[in-house]
Amino acid sequence: MHRFAGKRVAVVMGGLSAEREVSLNTGANVYKALLAEKWDVVAIDWKPDTSLAKLLEEQQVAVVWNALHGTWGEDGAVQGLCACLQIACTGSGILASALAMDKVMSKRIFEASGVPTPKWRLLSHTGPADASDAVAALADLSLPFVVKPANEGSSVGVSIVEDRSQLVAAVQLARANHGQVIAEDYIAGTEIFVGILDGRVLGSVEVRPTTKFYDYEAKYKRTDTKYLIPPEVSRDIVERAEHHALAAYNALGCSGHARPDLRISPTGEAFVLEVNTLPGMTATSLLPKIAKSIGMSYASLCEAILESAS
Ligand SMILES: Nc1ncnc2c1ncn2[C@@H]1O[C@H](COP(=O)(O)OP(=O)(O)O)[C@@H](O)[C@H]1O
Ligand SMILES: [Mg+2]
């Protein structure tokens, strides 16, 4: 029997982050699937200027199916609120969520745990308007490299610097997000995302954008991004990538579902970029596609994620 059988489930969606629209899409799909499976489920659209605590208490919720993305949803804040209200919540806990959301902390933990991640430098979140501090700090980092905000998602603020003349604009763009900024080696080659559930690898997808990298357009707007399940790279490489993806998930202390992002170099080396602890669950999202490839329906995936709530 399901751990939460007979209990009221709230699918919490929307939220206050820049990824509100994607979250509404994830939430609507999860809600529909749980309803069809006869769950006592309510949909909660958390809007600005409303109290999520009040909404959860009014609905007498026993467990939250967290369909939020980004700040105040993916970063440990809602996980903490649920802990205080003694309501179970899907996905990773407070600490793992916060660590995974912060690329600086994630990379420090990857390095300390032997998880390969691209070589990197930390830049402060402020600096002179001409970014001359970054020009000096990155003078010996070989081209090309990537500049990105430490606390964003959806490829917002990410630039590939191929020529030093592009550096100032890249740093200014990343700093516009008002958090720390990192620069890291650009890993040419392919991109692989690994689907994980309860400490078990479900499978992987190779992502082939037609844009220069997997940017916001390729993620949400374009229809020509290719997703290959299983990946076309050799089985050896996929196994190595999955091994490192799981090591990254464990190093951060993740639980439930997650989707690490990796780059595979032309020589077959796998590097972990980050771990997404609340991956998209829209009808076209990657984790449901990976689950489907091993015979797991969208509804079963939603229920398995619910089962892992803590
Ligand atoms: N070091 C890197 N080498 C090559 N491409 C990268 C690198 N870092 C980021 N990218 C590209 O930018 C995208 C977004 O970067 P990522 O670190 O996953 O941040 P986000 O949290 O915005 O998804 C990646 O999916 C990849 O296409
Ligand atoms: Mg990513």
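1. The radius of gyration used here is taken over C-alpha atoms, and the globule rule against which it is set is 2.2 Å times the number of residues to the power 0.38. The model is a predicted one, which should be kept in mind for everything that follows.

2. For a chain of 310 residues, a compact globule would have a radius of gyration near 19 Å, and because the protein chain has 19 Å, the two agree. The C-alpha trace, taken along its principal axes, spans about 60 × 45 × 35 Å.

3. If one takes the contacts between residues at least 6 apart in sequence, 68% of them join residues at least 24 apart.

4. As to secondary structure, the protein chain holds eleven helices and 13 strands. Five strands make up an open sheet, in the order β11-β10-β9-β12-β13, with antiparallel pairing. At its edges lie β11 (226–228) and β13 (270–276), each of which pairs on one side only, and the twist from one strand to the next averages 25°.

5. Within this sheet, which residues make up β9 and β10, and over how many bridges do they pair? Strand β9 covers residues 190–197 and strand β10 covers residues 200–208, and the two pair in the antiparallel sense over seven bridges.

Note on methods
Residues numbered from 1 in each chain as written. Chains lettered and ligands numbered in written order. Predicted model: local features only at pLDDT ≥ 70, side-chain atom pairs only at ≥ 80, totals over all residues. Pairing = 2+ DSSP bridges. Helix = DSSP H or I, 4+ residues; strand = E, 2+ residues; numbered from the N terminus. Axes fitted to C-alpha atoms, helices over the stretch in contact; angles between N-to-C directions. Contact = placed C-beta atoms within 7 Å.
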